[in-house]
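Please read them with the structure open.

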Number of protein chains: 2
Amino acid sequence: MNTERIVLAKRPEGIPSDDVFRYETVEVEEPKQDEIQIESLYISVDPYMRGRMDDSESYVAPFQLDEPMNGHVVGRVTVSNVDGFTKDDIVTGTFPWQKIVNIKAKHAIKVSQTDIPLYLYLSVLGMTGQTAYHGLLKIGQPQEGETVVVSAASGAVGSVVGQIAKLKGAHVVGIAGGSEKTNYLTEELGFDAGVDYQANDFAEQLAKAVPNGVDVYFENVGGTIADEVMKHLNQFARIPVCGAISGYNNTEIEYGPRIQPIIIKSQALMQGFIVANYADDFPNASKELAQWVQEDKIKTKTSVKKGFDSLPNAFRNLFTGDNFGKQVVQVSDNV
Amino acid sequence: MNTERIVLAKRPEGIPSDDVFRYETVEVEEPKQDEIQIESLYISVDPYMRGRMDDSESYVAPFQLDEPMNGHVVGRVTVSNVDGFTKDDIVTGTFPWQKIVNIKAKHAIKVSQTDIPLYLYLSVLGMTGQTAYHGLLKIGQPQEGETVVVSAASGAVGSVVGQIAKLKGAHVVGIAGGSEKTNYLTEELGFDAGVDYQANDFAEQLAKAVPNGVDVYFENVGGTIADEVMKHLNQFARIPVCGAISGYNNTEIEYGPRIQPIIIKSQALMQGFIVANYADDFPNASKELAQWVQEDKIKTKTSVKKGFDSLPNAFRNLFTGDNFGKQVVQVSDNV
């Protein structure tokens, strides 16, 4: 049986151009004894993947040239040789960008609840939800009445961060691009304020939204947006550093105001993290997140693009601000 | 009785010039009921005071124009109206730059051990020792076998940081300017390596000194020295941010490579602090520091300038690299 996949044809400079990706048709063999065969249903595109496209040392290994891109996927089992997995089971894991693929069963996680949109396992019930949960609660530690600011607030991680912060009794301010997104934050997600970084008066909007300063800044973007937030840090502010998407496609090192004087003045704590640091606590978080979603205390927005061929564009849109909510690609009609 | 004092005549731009300071002769009255009168013996000059000379909000209030500079002082009681203090007691506290001065007794701390050089109460047995102790042990948390790098390593704080880190079993690398200082680190203080930031091959020297990367970077200087250290951060590195002396006299905001990508890549923790954050634990630290000094496990170098008139120059030297060790000024012949 033949199937399609997308491989990394060359390493990108800046935002990945079309020729960075190559479509291939490959044969899928019968799965081995320790493998299951799955049909990919939804494939996640996430900002962290940009780092893996470069050939530099980081917390995750780089993608290999001429090998498939990979990332979080929800799939349906088509063939199983392994106890515990049967045909039509729904599984998630880090799998290649390939329509039909054999994977080692130990790399697949079976999903029990399948009467919800399955792409939620790529967002709030998957790694982005875990990222928001642990970064905010373990590092940010928002207290009732404190002010929490989150950037990329309408995105997959940011939207969950803000809603959890509200559940903890904080005054929550989200930064996003354009009034459609900022209105979504306040009208749909219950944020106290939405600040538009594309507006000419961004600095004034932000200052007005944080009259009591900033106690927690959940950092997703870096760059000049972050510089503006840093001006408002309260004493003992906490800054979980989850991402710095504004710089991911830079071809040169980006310069900004040095952070040390700001950190001293506010005696702030800034901590970088990746979700894997908190793997021990994933089950707890999963349970709590699922409950919040079920009780409609956490709402999510997912932007579903259709078609395997949409993957490169969906990925690029993460960096242009053209996406809204968690971006996934539906790669099968059979969902 | 008349005495001399030094007041802030105008706010400095860059390194404080002579006309920033004004010498005045004032009358000292009899101390009030809740006051003691002291003769200043040693006056401390410290980098953090530069921030107080500006009229900007910070963790300590700015010095007032036409009012005396103030800082840590060791003095001898000349007149006391207060129970618990008698003539010739030795006291420390934050007092004005004034030869004879009345101070509220509640602001003075009586020193019991007086058979040691009294200026040690302005360094290792005073706030700089406390700063090193808490910043390193509470935030840096060096583990046996880890690599600790400290900048401004021959200075009042840095030299104590490095020696405590050695006591905790770490591989300790100090950064200082010039071979006299770097030799002092290795030959006198027992550091594993001294790296000269003034050398052309500073980057190579540093890389060679940290073959296993950097687990703790105790930040005193900021600027390009810090940029170089950041290239070597290990996963879960800790960066206590104590000072950023390289930028204290800048008249414009200093730019450098943005820190967020570095912090994410290493999942590092960066935390600003001032010693007052740890006031609850001062007595414990005092006891331990005094014991280490007594057992000669912590050595200190003090640069003692003589004469009240030397204060402005001694202060300026903190920023030019001309001082070596803790800088104090002996303002009385009567020590």
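1. A salt bridge is taken here as a side-chain nitrogen of Lys or Arg within 4 Å of a carboxyl oxygen of Asp or Glu. By that rule the structure holds 35 salt bridges over all chains.

2. This is a predicted model, in which local features need pLDDT of at least 70 and side-chain atom pairs count only at pLDDT 80 or more, while totals for chains, interfaces and linings use all residues. Residues are numbered from 1 along each chain as its sequence is written, chains are lettered from A and ligands numbered from 1 in the order in which they are written, and side-chain values use heavy atoms, with hydrogens and water left out.

3. Chain B is superposed on chain A by a rotation of 180° with 0.0 Å of shift along the axis, at an RMSD of 0.1 Å (least squares on the C-alpha atoms of residues with pLDDT of at least 70 in both copies). The two copies are therefore related as by a two-fold rotation axis. Both use the same surface: 100% of the contact residues of chain B recur in chain A (contact means heavy atoms within 4.5 Å).

4. Chain B gives 37 residues to the contact and chain A gives 37 residues. Between them the chains bury about 2,900 Å², of which 60% is on carbon and sulfur atoms; buried area is the accessible area (1.4 Å probe) that two parts lose on being put together, summed over both. On the chain B side, B:Arg258, B:Gln260 and B:Ile264 lose the most area to chain A, together 25% of what that side buries.

5. How many salt bridges cross the interface of chain B and chain A? The rule finds four. One of them joins A:Arg258 to B:Glu254, with the closest N and O atoms 3.3 Å apart. Another salt bridge links the side chains of B:Arg258 and A:Glu254, at 3.2 Å from N to O. B:Arg258 lies in the loop between β13 and α7 of chain B and A:Glu254 in the loop between β12 (233-241) and β13 (255-257) of chain A, so this pair joins two chains. Helices (H or I, at least four residues) and strands (E, at least two) are DSSP runs, numbered from the N terminus.

6. Strand β14 (residues 269-272) of chain A pairs with β14(B) in the antiparallel sense over three bridges; pairing requires that DSSP finds at least two bridges between the strands. A:Met270 stands opposite B:Met270 in β14(B).

7. Within chain A, strand β3 (residues 35-44) and strand β4 (residues 70-80) pair in the antiparallel sense over seven bridges. A:Glu39 has A:Arg76 in β4(A) as its bridge partner. β4(A) also pairs with strand β5 (residues 90-96) of chain A, in the antiparallel sense and over seven bridges. There, A:Gly71 stands opposite A:Phe95 in β5(A).
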